[in-house]
Amino acid sequence: MYSPPPPVPQRRLARQARQRFVEGTCAGLAALDKTVLEFLSSLMAQTGTTRQMQTRRDAWMLYQQHHGAWVDRTARAWRDALAPHSSSSGTGLVTNAAGNQFELLSDDVVENRIVASRMALTVNEQVSLQFDTVRQRTQSLEGQDMDANDILRPETICLRLVEQWVAAGMPRTDLLTVIDPLQRELANLLQKQYQAVNVFYVEQGVTPQAEQKSRVKRASDVMPPLAGSMRTGSESGAGGLASQALAQSRDALAASRYPPGYPGRPGGAPPFAPPYPPRRPGPGYPQQGMPTGYATGMTPLARARQRANGVMGQLRRLLTQPATGFDMVNAPPASAALAHALSAQRIQADTYYSGVGTMVEDYSPAAVVQLAGAVRERSTELKKKASTAGEKAIIEVVALMFQSILAEDRIPPAVRVWFARLQVPVLRVALAEPEFFSNLNHPARQLIDRMGACVMGFNASSINGSALENEIRRVVQVIEQYPETGRRVFQLVYDEFEKFLSKFLTEKQSTSRLVSVAQQVEQRETLAIQYTIELRTMLRDMPVRDEIRDFLFKTWAEVLALSAVRDGAQHEDTLAYKRSASDLVWAASAKPNRTDRAQVIQNLPALLQRLRQGLALLGINDAAQDAQVKQLTDTLADAFLSKTASIPQSHIDAMAKRLANLEDFMSDATLGEMPLNTDNIEMMLGIDASSIHVVADNGAPVDEAMVTWAQELQPGTWYTLDHNGASAQVQYVWQSQRKQLHLFAAVDGSSYLIQLRRLAAYMQAGLLVAQDEEGLTVRATREALAKLDANPERLLGD
């Protein structure tokens, strides 16, 4: 049916509101400019490496030169967005001049969108309530939904601001440095402007009917909440309490993110808080752009965990409010009707899901939608069986969490249809174990997070019918079959899933061979380092020539290590190489008597032959080998005629004995940098290693906290790797025994073997970014809380 447009005065009123909003935000640009300038000045005053200090000074000087242009351009861009049907370069495709072809946008435009989106996420945390009210009132005036590029939207404000930063001549990396204080100040500015627009609307009598119905059920709105006995009965009900609890939780969450003692923020909290680590921060990350004491020693993973703990605290406060009365310590047994319904669904699980996804093996997106509807209906039925407010609240929270999981399009449909069947088992755990709502390491959460993280890089065609999809199916069916689904069962299948992953991720023949060789490379380099240490110790007080020392430390230690890895430490050849080391030391010492000189002459051919065999083992042949041997023979000739003190035979005998059983004396100390290259891998594999990218340590400075983080990576997790300017989607599949070598497999079949400190450097520089750093259940919890914040009545409603 035709719907006539709203009267002109109403549309004019909406335009006036936008104009007031834009002029207010433009007036606040001076405060944004001041915040950025003060932050860059404070960074310059901090100590750091020479590179960090120079980078900070360059950013400060560049901002001094261009900040005026940025402020002017941003104000003009915001005002230009007031024009009807204004477009933004933020769209994914644009038409060419002919208007009938589409062209992909440049990387700069995409990068601008990414930065703006992250900024908008933080801004929305603070302004969402005020903006929603403005949006509802504006839509009631215009009779249509707000356009995606409407200047009233925080996303549009952020995108125009980011675009003009780059257009003003400043690098995007500098914006990432100041983004945290900038987005906090922007959030304060927008909140004031949304409040001003709402006041303007109220003065003009704009109050939509839908807003009138919801007003009495929300504890916070444009106007300050009523206090004490002034509160109406509707406001003191379940919806009002839920909204109050959520509002208080948001404040507590914001406070919990930051350590105390920071200036420039009410309550001592710092004026910034990145929602996600920068995609491509500048050198020195995480220190760059963050005051001393906050980011130093804290990895993005640690910050993600800190934010996750805040979300869990918010959830606990919601569930323990008086309206729900849920006991987070001793959960009461489920009411009889609800317990019977849960038991019936366990026994007849296949029947409950018949006709959708998991039974007919329809793994299409449409099947997921159908299944999500069935899960929602099942939750509604269970909620009607609940007899207490606490049970209703738990059912609703778990239902919303799984609604979020089923909507995660990065998870292939084949896996989402099996995740859906975990809703009832997880609900049973949540009702019986309140720890599920407070412990991020609860096995039920860990299992869902691990399975989700391992499948996010696969498409539907590559995972359907795979061993991974079959294992997830088996895990779900095992959980469904247990009469009492609790921590013990989830822990059991979680451990089994981890064991499965350790085999599944390296079962491909090419990957298995590479893992085997990489493990040998680490073992060889470990032994080489330890042999070198032991040789240095043994020769510390011996009068041995520098040429012999260098040969033993740099070359012969490698021979001993490679022979030990290939044949074993006590193999005949390895023992012969060990004896050659002591023989060489003795032969290179002074020989004052005729008998010793005669023995050297007699043993020299055999010694030189073993030395040549050892060099050949390392791939040193022909002219390179001759040069090494000549240097040694020249040294032996000089020693033959030397009149210096000789090495006592007892010392030589002790060295030979220790070398023969050297492994018994070697410690498993922390290793330093290990040489690694593609040639070694190719030689040991015996195949073309062109698809194997070896990323060896290069001495790049890296924070030790990042090294620790790199050692904690979980196999199976997907990352975006930026290597030599090319971006690849990779899965972390293996780490060596001593965690010095790490293997990533890309979807195109190529592999990346990365040494530990280089891996940490990549993570520190934002060249290796987790695709799901937050975790599936934490994100689902946050989205569930957001839905309850917008509609608190559903928490306890049927």
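Select N724 to start: at 71% relative accessibility, N724 counts as exposed (over 50%; buried is under 20%, partly exposed in between, with a 1.4 Å probe and protein chains only). N724 sits in the loop between β4 (718-723) and β5 (726-735). Strands here are DSSP runs of E, at least two residues; helices are H or I runs of at least four; both are numbered from the N terminus. Check the backbone: N724 is not a glycine, yet its phi is positive, about 55 degrees. Most residues other than glycine have a negative phi.

This is a predicted model, where local features need pLDDT of at least 70, side-chain atom pairs count only at pLDDT 80 or more, and totals for chains, interfaces and linings use all residues. Residues are numbered from 1 along each chain as its sequence is written, and side-chain values use heavy atoms, leaving out hydrogens and water.

Next, D622. Phi of D622 is also positive, near 55 degrees, in a residue other than glycine. D622 lies in helix α25 (residues 622-640). It counts as exposed at 63% relative accessibility.

Now select D546, E547, D550 and D638. They gather in a patch of negative charge on the surface (over 30% relative accessible area, no salt bridge, like charges joined within 9 Å). Helix α22 (residues 546-567) gives the largest share, 3 residues. D550 is in α22 and is partly exposed, at 39% relative accessible area.

Last stop: helix α17 (residues 443-455). Of its 13 residues, 12 are buried, among them P443, R445, D449 and R450.

Definitions and conventions. Patch = residues over 30% accessible without salt bridge, like charges linked within 9 Å, V, L, I, M, F, W, Y side chains within 5 Å. Areas by Shrake-Rupley, 256 points an atom, 1.4 Å probe, with all protein chains shown as cover. Salt bridge = Lys/Arg side-chain N within 4 Å of Asp/Glu carboxyl O. Lys, Arg positive; Asp, Glu negative; His and termini not counted. Charge placed at Lys NZ, Arg CZ, Asp CG, Glu CD.
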